[in-house]
Amino acid sequence: MAGFEPSSLPDLLPLYYRRLFPYGPYGRWLSYGGVVKNYFQRREFSFTLRDDIYVRYQSFASPQELEKEMQKMNPYKIDVGAVYSHRPSQHNTVHMGAFQAQEKELVFDIDMTDYDDVRRCCSSAEICPKCWTLMTIAIRVIDRALVEDFGVKHRLWVYSGRRGVHCWVCDDSVRKWSSNLRSATVEYLTLVKGGPDTVKKVNLTDPIHPFISKSLSLVEPYFREYALVGQDILGCRESWEKVVALVPEHILLLFTLLQEFPKKQDSVQRWELLRNKMDKHRVRNSPGRWLGSEIMLQYCFPRLDINVSRGLNHLLKSPFSVHPKTGRVSVPIDLQKLDHFDPFAVPTISYLCSELDTANEEEDGEKENEMEPMAKRRTRDYKKTSLAPYVRVFEQFVDEMDRSRKGELLKRSDLQRDF
Amino acid sequence: MEFTREKRMKMRLAGDRRGDQYPHSLQFYQQPPAENISLAEFESFAIDRLKLLKVVENLGVSYVKGGEEYKNKLQQELRKLKFQYRALIEDDYDARRKDHISHFILRLAYCQSEDLRRWFIQQEMDLFRYRFNELTDELVQKFLKYINLSYEAISKEVKEKLAVQLINSTPGLSGAKIEELMFYKVPLQDAMDLFRVRRVYLLDAFTYVPHTDMVAIVLNNFRTKLSKALALTARSLPAVQSDERLQPLLNHLSHSYVGPDYSIQKNTGKISIEHIDALSVKSFPLCMRQLHKALRDNHHLRHGGRMQYGLFLKGIGLTLEQALQFWKSEFIKGKVDADKFDKGYAYSIRHNYGKEGKRTDYTPFSCMKIILSNPPSQGDYHGCPFRHSDPELLKQKLQSFKISPTGITQILELVKGMHYQLACQKYFQLTHDVDDTGFSLNHPNQYFAESQKLLSGGRDVKKEPSEPENSQQKLSSQKSTNSCSIPNSSNIEGDTELEGLDAYFTED
Ligand SMILES: [Zn+2]
């Protein structure tokens with residue numbers, strides 16, 4: 001894959017915005033079928049320009065206007081905000097207090113830096129195939145809860161382009177949720193609590209809520225491969241001491257773990273030892289009864305940033321925006337193939353542009369497309385690059401929303417006919 | 001709102017229609033009063049309700065909410081102020097009317113700012129909870145129907161099918177109990193406080209709420225409606241404020257709630273930076289102690305922490321210059337160099353002191369504000385440790401501060417019952433080795449002041465807990481000191497009419 005140089009962005013962005021950005025489905029997504037008056041027009045976009053110049057409260061009369069502006073400004077980063085009571089571009093002219101965020105997708109931001117205390121392979125903004133499993137688990141756990149518990153239909157999961165994933169929940173009813181309801185949802189979905197100075201971050205008590213048991217059954221299949229083999233969390237004294245620190249003192253005395261661990265071969269064996277001891281000493285209603293699950297969850301359970309989800313007016317990086325540091329495009333993730341999603345296979349802007357160049361050279365030889373209208377050429381342009389499969393995932397998501405909207409309309413008109 | 005002096009409109013509804021207007025002693029305050037009332041009545045109703053809400057506030061931080069003592073005191077107060085105090089009395093039209101009208105008058109006074117709204121909503125919710133819990137099962141059903149909150153009870157078959165999930169989702173429920181207990185299917189929007197802490201089963205956007213938890217649903221709905229209504233009322237406020245007779249009264253009413261104003265800098269300059277470490281152990285409430293420790297450990301605090309802690313420090317007397325020095329010396333020990341500090345952080349400290357931006361002189365946060373707004377997330381240290389920490393973490397923290405095991409158990413018990421301020425008072429007692437705090441805690445700076453008073457021997461330790469009378473004294477003394485801003489009743493023509501009270505409460 002072509003290496004990416006941040007300094008090349010000013011050269012590459014114009015090409016990306018002119019020929020590759022999927023304006024069609026993007027505009028369809030944010031128009032939501034045009035059902036609500038001026039919905040797209042009241043949406044906030046914000047652009048980050050060169051030298052971190054940040055332009056908030058932009059809004060556009062139509063997706064076409066947005067497209068024009070993007071091609072004119074070539075933003076380093078695009079964020080999507082809320083749908084406001086008035087057009088955001090006119091927020092200064094509205095009486096203070098009247099300008100208010102009314103609707104937004106429910107969004108989640110899961111960031112690998114929040115897992116630094118349980119990753120041995122990397123830290124801060126780095127990721128590798130080993131720790132990426134944490135994102136896979138996070139998506140499985142949160143997505144299940146969204147669908148089964150919250151009855152949500154339309155979720156778009158997106159790779160952020162660097163070290164995490166975003167989720168956009170787009171159901172009509174959910175976009176109207178108050179910020180209280182959003183934070184209640186995040187609290188429901190949160191099991192890992194406490195800051196850097198907290199040792200034990202997961203504490204379970206009876207009864208175990210179905211959300212927790214269902215989440216556990218999603219985490220468990222990954223635990224051995226990911227935590228015991230991959231991260232080797234019981235591999236050496238330094239790291240098993242971190243795990244042992246989670247065992248309550250009164251059982252630790254019985255367990256004699258620190259004496260027995262060195263005699264075992266690897267993390268898998270040591271984990272078995274721990275589990276056996278726990279089974280033997282399991283006491284009803286005693287703290288430590290759920291120790292095995294608590295350790296698993298502390299090492300693997302998703303960690304959400306409540307601030308991003310709670311505020312209606314909070315901005316989040318748009319899908320298909322390019323990450324200015326890595327050059328990778330923020331692409332949708334196909335949940336059908338979630339275990340095969342590879343963040344390192346996500347194309348960078350420089351790679352896409354070189355693919356485009358190659359394809360055009362071949363076409364130039366054929367010389368048959370010159371009279372075709374611009375729009376048509378562009379639809380085909382991204383299809384010539386490795387962006388194509390990701391755009392297809394996005395289109396399927398938008399199509400599905402269109403379908404269920406039509407289904408709703410049909411149902412309603414059927415009802416009316418019945419009366 | 002208009003006054004008419006000439007004509008006295010038909011004041012009361014005809015006797016036979018009275019019953020229709022208030023079919024229940026408990027009200028949801030959905031319709032504003034349509035009648036005209038005299039300015040004198042307006043004032044006396046408002047002051048009585050304010051007294052009542054002050055009592056609710058003081059009882060709430062002095063006794064366990066819902067406990068016998070709490071209920072008895074509250075009932076006494078209701079009776080004394082002539083609000084209806086028992087659910088079943090039939091002929092209490094006057095009390096119901098007073099309840100109705102006085103609630104709406106205070107809405108006018110308490111819609112003006114975020115802090116006022118928060119206070120008002122909290123007290124009205126506590127009052128409502130008490131009164132709802134006094135209803136018989138039969139009256140509960142009737143009332144739910146009346147306010148359009150009757151939910152579908154799930155059938156026996158569904159209950160059997162979901163039995164395991166229901167047992168595992170509902171704390172304190174056994175298989176035997178589940179058979180007799182009624183469960184309602186409630187949309188998740190209406191059961192936020194229950195599913196947030198996983199106290200109910202959540203499936204496909206519906207929660208399954210046991211009959212015993214319905215009060216939470218009703219309260220949730222009450223809060224949502226009231227909070228929306230206050231926001232709407234705030235919009236028509238310019239009209240109210242331009243009314244020269246109402247405006248001083250409303251302002252007075254809204255200023256009566258806060259107690260001491262901790263933004264007044266009577267302590268300014270009395271603290272030296274070197275003493276903060278020692279003070280944080282001796283006299284800071286747990287929330288501030290935690291923030292101070294985090295700042296010392298990490299040489300950094302995020303925005304929420306800087307606001308909460310910075311304003312607290314300002315309240316105990318740190319000058320702007322001291323504050324800049326204090327924060328800077330700590331931050332530059334971490335990843336922030338002096339230049340970055342001056343550019344990125346000094347602004348927000350000057351901002352706290354009203355030297356930047358809107359130039360508002362910010363007030364230190366009250367307990368209620370800390371408990372109810374802006375909960376901390378990963379890497380944050382602000383908030384109320386009793387409200388926002390996981391109980392297990394709280395326990396660890398208290399252990400590390402050498403609180404006795406029995407003390408910790410008592411605190412955790414209060415936390416479990418969601419009595420965060422009482423838990424904090426217990427922490428005060430344990431760290432100061434007194435049996436009684438002798439004050440109702442509602443502000444971190446009050447905690448600090450009381451602690452300092454105690455440690456310097458300036459307080460009689462074994463004092464009785466403050467009586468509700470205190471609040472009235474406070475109110476009446478404030479009234480007399482502020483009398484220039486209040487319309488003195490002698491200045492009011494007794495029969496001055498307020499017309500169209502409902503105009504300020506029209507739907508959006
Ligand atoms: Zn890694």
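**Interface, zinc site and salt bridges of the predicted model**

Across the interface of chain A and chain B, nine residue pairs are in polar contact, with both residues of each pair at pLDDT 80 or more. The structure is a predicted model. Helix H4 (129–149), helix H6 (179–188), helix H7 (210–230) and helix H13 (306–310) of chain A each supply at least two residues of the side of chain A that touches chain B. The largest share of that side, seven residues, comes from H6(A).

In terms of contacts, 33 residues of chain A meet 31 residues of chain B. About 2800 Å² is buried between chain A and chain B, and 54% of this area lies on carbon and sulfur atoms. Of the area that chain A buries against chain B, 17% is supplied by Glu187(A), Tyr188(A) and His209(A), more than by any other three residues. Two salt bridges are counted between the two chains. A salt bridge joins Lys193(A) to Asp390(B), with the closest N and O atoms 3.6 Å apart.

Chain B contains 26 helices and seven strands. Of its 508 residues, 52% are buried. Among the contacts in chain B with a separation of 6 or more, 71% are accounted for by residues 24 or more positions apart.

Chain A contributes the ligands of a zinc ion. The SG atoms of Cys121(A), Cys122(A), Cys128(A) and Cys131(A) coordinate the zinc ion at 2.2 to 2.4 Å. Along the chain, these donors follow the spacing C-C-x5-C-x2-C. The arrangement is tetrahedral, because the four donor atoms around the zinc ion subtend angles of 104 to 115 degrees. For four tetrahedral donors, the ideal angle at a metal is 109.5 degrees. Both Cys122(A) and Cys131(A) are buried.

Over all chains, the structure holds 52 salt bridges. One of them pairs Asp381(A) with Arg19(A), the closest N and O atoms being 2.6 Å apart. This pair links distant parts of the chain: Asp381(A) lies in helix H15 (residues 374–383) of chain A and Arg19(A) in helix H1 (residues 9–20) of chain A, 362 residues apart. Asp381(A) and Arg19(A) are both buried.

In one, the side chains of Arg119(A) and Asp116(A) form a salt bridge with an N to O distance of 2.6 Å. Asp172(A) and Arg175(A) are separated by about one helical turn, because they are three residues apart in helix H5 (residues 172–175) of chain A.

Definitions and conventions: Residues are numbered from 1 along each chain as its sequence is written. Chains are lettered from A and ligands numbered from 1 in the order in which they are written. This is a predicted model: local features need pLDDT of at least 70, side-chain atom pairs count only at pLDDT 80 or more; totals for chains, interfaces and linings use all residues. Side-chain values use heavy atoms; hydrogens and water are left out. Donors are N, O and S atoms within 2.8 Å of the metal (3.2 Å for Na, K and Ca); water is not among the atoms, so sites may look incomplete. Four donors count as tetrahedral if all angles lie between 85 and 135 degrees; four count as square planar and six as octahedral if opposite donors are over 155 degrees apart and all others between 65 and 115; anything else is irregular. Buried means under 20% relative accessible area, exposed over 50%, partly exposed in between (1.4 Å probe, protein chains only). Contact means heavy atoms within 4.5 Å. Buried area is the accessible area (1.4 Å probe) that two parts lose on being put together, summed over both. A salt bridge is a side-chain nitrogen of Lys or Arg within 4 Å of a carboxyl oxygen of Asp or Glu. A polar contact is a pair of N or O atoms within 3.5 Å; within protein, one must be able to donate a hydrogen and the other to accept it, and residues adjacent in sequence count only if both atoms are side-chain atoms. Helices (H or I, at least four residues) and strands (E, at least two) are DSSP runs, numbered from the N terminus.
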